[in-house]
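Hello,

Here is the structure we talked about handing over. Please open it first, then read the notes below.

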Amino acid sequence: MTPAHQPPGEIRPGGRTARTRAAVLAAVQHELSEGGFAALSMERIAQRSGIHLATIYRRWRSVEGLVCELLMEASTAIPLPDSGNLPEDLRLLARRIGSFYTAAPMRRLVEAVVSSAGRNSRAETVLADFFHDRLRMAGELVRRGIERGEVPPDTDPEAVMSAVGAPFYYRILIARGPVDADLAESTATAVWAATLAGAYRTGGAAPVADPGVVRQRTERTE
């Protein structure tokens, strides 16, 4: 396939499309950091990035599309752990999410994306697709735990991952409080205990695990 037949964004790394995308997303990040979502405009992004306004409109169509793509790009900075132990993986993942959102630019980014989704149906779809894909990928941690016999086989991986992420978004978007190490630790501990207790099982009413078993398994990971 020649470059002329490739869809936008699929030109070889280092090509003109890649450089354009990098310049534009960097400009979006700077603009968000300086003025927030309310001050963001396609014209300001074009001016800062040095990319022609028509090019930006042709590829991204709107500010909302740009912000959502920036979120997808930024999320690659949260790699999935693979310690061989599900409770430790949950703890490591929670810490990485916490570290990611400790940075003010990342907080502004998620705030902008959620704001975009409330105003624009395309942004809403992009945001929903983004979280669906991230939950599916992160669910691999739980699937590994199921294979190792750490949790019941009917545990819903995406439900577990949703429970890991939810406290961070509540803290950022609703409580407007700091994201810190304590939040990461308490989240991982609570989600692991709930997983053992069957809270995320898909087979109907979940039996409550013996508290001593939960405590014993948790202590083995510390």
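This is a predicted model: local features need pLDDT of at least 70, side-chain atom pairs count only at pLDDT 80 or more; totals for chains, interfaces and linings use all residues.

The crossing is left-handed.

Which residues meet there? From α6 they are V113, V114, S116, A117 and R119. From α7 they are S121, A123, E124 and L127. By type, the residues of this contact are five nonpolar, two polar and two charged.

Next, helix α5, residues 86–102. It has 17 residues. From first C-alpha to last it reaches 24 Å, close to the 24 Å expected at 1.5 Å a residue. Its buried residues are L86, P87, D89, L90, R91, L93, A94, I97, G98, F100 and Y101. What covers them? The cover includes α6, along with α4 (63–74), α8 (140–147), α9 (157–175) and α10 (181–196).

Now the whole protein. There are 11 helices and zero strands. Of the 222 residues, 42% are buried. Take the contacts with a separation of 6 or more: residues 24 or more positions apart account for 60% of them.

Best wishes

How values were computed: Residues are numbered from 1 along each chain as its sequence is written. Side-chain values use heavy atoms; hydrogens and water are left out. A crossing is left-handed if the near helix is turned anticlockwise from the far one by less than a right angle, and right-handed if clockwise. Helices (H or I, at least four residues) and strands (E, at least two) are DSSP runs, numbered from the N terminus. Contact means heavy atoms within 4.5 Å. Ala, Val, Leu, Ile, Met, Phe, Trp, Tyr, Cys and Pro count as nonpolar, Asp, Glu, Lys and Arg as charged, and the others, Gly among them, as polar. The expected span of a helix is 1.5 Å times one less than its number of residues. Buried means under 20% relative accessible area, exposed over 50%, partly exposed in between (1.4 Å probe, protein chains only).
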